[in-house]
Amino acid sequence: MTTTTFAKTSIHPTPTDPLAAYGPLVASRTTAPFDDRPYELFTLSPSTPTIGAEITGVRLSGDLPEETMAELRRALTEWKVLFFRDQDIDRSDQRAFAQRWGALEQHPFFKYVQPGQTAADVTTLAKDAMTGAVENNWHNDVTWHALPSHAAVLRAVEVPPTGGDTLWADTGAAYDLLPDDIKRRIDPLWAEHDWIHSFGTGMPQDAIDRLRVDYPPVHHPVVRVIPETGRRVLFVNMLFTQRIPGLTEAESNELLTLLYRHVQRPELQVRLRWQPNTVAMWDNRTCQHYAASDYFPARRVMDRISIVGDRPIGLSAEPS
């Protein structure tokens, strides 16, 4: 009987890849110091070590006690995305809950790119055999605005039999896990964000001309600092970031592509399988999201309400 011996092999990252990693990729969930008291007014079940948690024991509406709201605010800061199942609520309940977090945003573009919007402060994302989903790029919402959204509340109105999941990526953990030389490279940089190559592609020219006056390209820091925690997060995204001024086109593309690829690491992500009456809320400053477009031609309908944000702060002033 002949015995065949196979040589032991090991897989190593390509040394020339600046993002090469082999082994644990674990970032801190929060910055220190952090209020790590247990949650007493609901049950919180983590979905991953750093991002995403399911909340039970709360019905979302405008009459939640302030003590519960305070715990939810702390939970959102800690976990970046909160999931609520079995929420038999309507749009008015969703709006009342969102208003507890701040002023509601009015999106100026959806009435052009997806007709049938019925409220200025609610974006209905309705996809079916006639309208395929196009949100399957990693992005923060509304970074083309001088004041990007603070947070969003997304309610499942109608879900497909299978597919249509949403994923979120922790951009604070993404920054923490970058090599130090890349951190030093990006810390002082700012990037240009614009809507013209996304929403603009579905608009008539006269609408583009009118909206361009109010929504010109804007600059935000590549590394954003969250004021209440001091957390550093990556704040560039595939959908709206156009370039990094001060770099050549090749340098800008190379660096942005590297950061986009880093955010796509599974270790940074959480994935939600939607069910009827599910609600998700996320901190738009500290995570990106991606809506899987794998359910066509089935129907998927979501109502999103966003909370107005503030001007992003960087580690350095914007270059003149």
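Me: How many residues line the largest cavity, and which lie nearest its centre?
Reply: The largest cavity is lined by 17 residues, and T77, K80, T229, R231 and T286 are the ones nearest its centre. On a 1 Å grid over the protein atoms alone, a cavity is a set of points where a 1.4 Å probe fits but cannot get out, and lining residues have an atom within 4 Å of a point. Please keep in mind that this is a predicted model, where local features need pLDDT of at least 70 and side-chain atom pairs count only at pLDDT 80 or more, while totals for chains, interfaces and linings use all residues. Residues are numbered from 1 along each chain as its sequence is written, and side-chain values use heavy atoms, with hydrogens and water left out.

Me: What does that lining divide into?
Reply: The lining of the largest cavity divides into four nonpolar, six polar and seven charged residues, where Ala, Val, Leu, Ile, Met, Phe, Trp, Tyr, Cys and Pro count as nonpolar, Asp, Glu, Lys and Arg as charged, and the others, Gly among them, as polar.

Me: How much space lies in there?
Reply: About 140 Å³ lies in the largest cavity, a volume being the space filled by probe spheres set on grid points, which are joined across faces, edges and corners.

Me: And what lines the second largest cavity?
Reply: Its lining is made up of E105, Q106, H107, D121, V122, T123, R304, I305 and S306. Strand β15 gives the most to that lining, with three residues, strands being DSSP runs of E with at least two residues and helices runs of H or I with at least four, numbered from the N terminus. About 40 Å³ of space lies in this second largest cavity.

Me: Switching to pockets, how much space lies in the largest one?
Reply: The largest pocket holds about 560 Å³, and of the 30 residues that line it, F110, K127, V134, E135 and F199 are the closest to its centre. A pocket is an open set of points with protein on both sides within 12 Å along at least five of seven lines.

Me: Which strand supplies the largest share of its lining?
Reply: That is β14, which supplies three residues to the lining of the largest pocket. The lining as a whole divides into 14 nonpolar, eleven polar and five charged residues.

Me: Last one, how many helices and strands does the chain have?
Reply: The protein chain has seven helices and 16 strands.
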